[in-house]
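Here is a short briefing to read beside the structure. Keep the sequence and the 3D view open as you go.

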Amino acid sequence: MTRRGRAKRRLFIPFVLPALVVYAVIVLYPAFQAFNISLFEWSGFGQTSTYVGLRNFADIPTDPLYRIALTNNLVLFFVGGLAVFAIAFLAVAVLPTLGRRRALFRAVVFVPQVVPLIALSVLWTFVYNNDFGLLNAILTAVGIKDAAGTAWMGPDTIEAAVVAALVWTYAGFYVVLLMAAASRVPLDLYEASLLDGATRWQTFRFITLPLIWNVVVIGLVLWIIDAMNQFDFVFAVGSTTGQPRQEIWTLPIYIFEQAFGERIPVFRLGYATAVAVTLVVIITVMIVVLRRALRRPVVEY
Amino acid sequence: MARLHPARLLDVVSREVSLALLVGFASSIVLALFWISMTAFKSNAELFANVWGLPGLLQLRNFDHAWTIGGMGSGFLNSVFVAGGGAIGVVALSAPAAYVLSRGEFRGREALINLFAAGMGAPAVLLIIPVFLMLNQVGLVDSPIGLVAVYVGIQVPFTVFVLIGFFATLPVELEEAAIVDGASEIAVFARIMLPLARPGIVTALAFNLIYLWKEFLWGLVLLRSQGHFTLGVALNALRESMSFTADWVGLFAAVVIVMGPAIVAYLFLSRRMLDAVAFGSGR
Amino acid sequence: MTTRGSRLGLFLAVALVVAACAPGGAVTSVPPPSTPGATQTTTIGPSTGATGAPGSAPVTSAQAVTLEWFSALNENEPYVAAYKQIISNFEASHPGITIQVTWMGRQLSTKIRPLLQSGTKPDIVEDDLQIMYAGLQKDGLVADLTPYLAQKDASGASTWKDDWSAGSLELLSKHGELNTLPFWVNATQVFYDQRTFDKNGFTAPASWDDLMAMCATLKTASLPCFGEEGGFADYNMFWMSQLTDRLMGPDALLAAATDKTGQTWLGPGYLAAAQKEASLKSNGYLPKGFEGSQYPAAQISWVNGKSAFYLLSDWLPSELVDKTPPGFVFRSFPFPTVDGKGSTTDIELFQWGFSLFKDAPHAEQAVEFLKYFTSSDAFKPLQTDYAFVSPLKTPYTPKDNADSQDNIRAGTAVHGYIGGLVAKAPDYLQTVLEPLNDKLIFGQITADQFITQISAASATYWKNH
């Protein structure tokens, strides 16, 4: 222990405590408070709340909407994740020798990350519109006349449409994340590998991927958080009535609808909080399982 | 031969196909931005006559409507206030904490870091009901100040975490030298470490600014009067009032107002932000 | 070091849990409702609202008050222009009273919650009465208006209560109290353009079969019979609601929905209703892509002649005020009888109105304003310019909605829209019935499957609630 390090102890109160207090008040205390609220039945109007123990949690397994919402979260995580990481891997495998254009590509694909999702939601609502949407316009322009009037936001295709739009929205972040990691792999390693007659796929599989594995795992953890907490985009896409179609509800949407009731009043604050608690548990379990399953010895270079 | 050639051929073909896919993906983003900006200047009649057509007369009226009647003007000011206040607040609060946590040696340091890190995983939907009730008791619902407080609080974990990483990369020797010269701990932080950490601080500011500019759920739940809406919440209200106006071009003008500043900021900060993602990937 | 570190974290965690569970947590410590008189405006002065006519007895500046009014309308809705005119007229004739409207949109119930527990006390709230019933009224937050209704109205010539057509207020009575003042009522009607009838030689159909025959005629001309906002589950419900009403009476839908065993759904009338609803799509009477239409796309397409009929509540002409193409003549008829059953004078009604908060700081002035708003001359523009059908006894005919007003006046019985489920079983409606009804009207499931599934889903739902 250095003298300098010890000296910083005196700085704890002026330097660390303010951040800790704000964090405790806005995040930690409410997080624990949430567990408390989840044990009550409460409309949020008036003063009456009833203690119901774990009954809110007991109701969850047979709740069909919970199942729809959780399924959508998981579809987004798995199917969307597959697509997002396929794009990112593709970029990592194909682009390392591309020079300056690489930087441009990186800068462009990151753009959707800085745009509020609600704005992108408006864009995609128009893209998918059955009467005058861009997608139908493109499809009819390339000769698929049957496409005219197709309701992409109809019940059969809406979930696929939402996942596709979210892949488009999020892929850029993971491209940048993985490309950054790959750029730290010395270029001569690629060149040597390619010279040795390895294919690009082999180079990616046996050289790049092991070297960026840790970052891939970080990326997957971030994707769990993005996919499971998805609210903004789904909330606003494909409807103008203040409530998205149930076919695409995610758990955060379900929590919002149950707690704050939107147009048709539901007002189940206790139950909504119980659902939120299960969401936290699910996210935590997914992260732990993923980290365990993908743990590999770190490869040095 | 049969083993090598197909693989090689496939490699070339797949490289071209992959490149085409990636270029297509990037082009779709550029195209989307261009299309939105173009549409925002059209009239509704032009839009529905041809969704791809260029605007005839530039309809500045769309922006005027979105800005005044659509509430994007006050939304803009509110967003500047809450995103700016939140970002500055959280960095001011987190930088000293991160400094001590990254370089101090005391009991419970790792536990504290873990405690901060744990907050990064707390979903907004878990906190939103209790925080709502708490703010309610102190009269800070529907208040930009209340929203700033929430923004600062929820961004502390991420910001502390990022800045700990930055401070950890700074050389110890400079500090040692300054202390030998008789500078106080606080002076060392303010005069030496903070300037050195400037790239990190700017990055943390930029990320928080953009994140809070994008933030929607907290605003939606906490703000109730139109005069207090942030841009995202105002855009949402405008989207819902589409039911009565069917004014798509006005809506896209609002979209431009929402995303324009973020994209302009990104043009200036892209190097730093992309590098920061890269830095994050080195964790 | 590490062990101690995690112990500190654990200690903090435990401390926070203890703090969270201790009495004084948010759930148990919500501040008690402030007692009347404890709010910032303690003296209101002599009541001017009780007997004062508009313009008389202006309030002095010392008594200047701002009424807070929370409306579930969006500021962009066409008729809000008329509201604003009414407000400024009132303010001009009542110096000292300022009206502050917050246009909250349909999420009023979401946004109003903070107010109920924070310092600000609104005076007036305006919303869908079913939603108000399920929220504010159920929790006892709105005032009993009976004593005010016994006062003189704005003209001073008659009792305020008599400004409503006979019996219309009692329909909303709850526990002997009148908590709401309906001023806008909407009957479910089938809307059409007079020109469509003229062109095809149609007359208003007497029965479902007549209506379907008209659809068949239109189909030969490739015109979809009905516009339908498929993306809006509430709107899709009007079919189920009207069909079950005609086949089995106004309480049928509520009875099935609230039957804890789910068995009621198995009755033959429900199957017949489901079959008729499903036949719309299988017969090709709905436009292509209606499943994905985004409100208000379908009603705008309809008013522009892309489909012939539109089943909806009579707010439709009000919403389309500035979207109606020249030459379009709004007409409507009530949902016809089905299989010889039901009555067209049995009205499915959506009601919209005011409530007064129990804790309203300016109750007297608020009542004065409400009296003004419901007086026929003040209210007139909403009828003549914006097609409002009203239970108020005014001499004016609502533009574009005369058919609906006639129908309401001829009504022999009324019930809440969507079977009253919006108030009585909102969660069931939203989570169980609407998703299956969507599948039915979209043709994803057959009528038989619908009945089997709704019966089973109802039983499961009620086991948990």
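Helices here are DSSP runs of H or I with at least four residues, numbered from the N terminus. The model is predicted. It scores ipTM 0.90 and pTM 0.83.

**One residue: B:Asp11**
- B:Asp11 sits in helix 1 of chain B, which covers residues 4–39.
- A buried residue would need 20 or more, and an exposed one 12 or fewer.
- Leaving aside residues up to four places away in sequence, B:Asp11 touches A:Thr199, A:Arg200 and A:Trp201.

**Where chains A and B meet**
- Chain A gives 80 residues to the contact, and chain B gives 78 residues.
- On the chain A side, helix 2 (residues 12–37) supplies the largest share, with 15 residues.
- By class, that side of chain A has 62 nonpolar, ten polar and eight charged residues.

**Inside chain C**
- Helix 15 of chain C spans residues 402–410. Its buried residues are C:Asp403, C:Ser404, C:Gln405, C:Asn407 and C:Ile408.
- Which strands do these buried residues pack against? They pack against strand 4 (181–193), strand 7 (330–334) and strand 8 (346–356) of chain C.

**Confidence in chain C**
- The mean pLDDT of chain C is 84. In this chain, 84% of residues reach 70 or more.
- Over residues 1–62 of chain C, pLDDT stays under 50. For this stretch the model has 88 contacts beyond four places in sequence.

Technical notes. Residues are numbered from 1 along each chain as its sequence is written. Chains are lettered from A and ligands numbered from 1 in the order in which they are written. This is a predicted model: local features need pLDDT of at least 70, side-chain atom pairs count only at pLDDT 80 or more; totals for chains, interfaces and linings use all residues. Helices (H or I, at least four residues) and strands (E, at least two) are DSSP runs, numbered from the N terminus. Two residues are in contact if their C-beta atoms, placed from the backbone, lie within 7 Å. Ala, Val, Leu, Ile, Met, Phe, Trp, Tyr, Cys and Pro count as nonpolar, Asp, Glu, Lys and Arg as charged, and the others, Gly among them, as polar. A residue is buried if 20 or more other C-beta atoms lie within 10 Å of its own, exposed if 12 or fewer, and partly exposed in between; C-beta atoms are placed from the backbone. pLDDT is the predictor's confidence in each residue, from 0 to 100.
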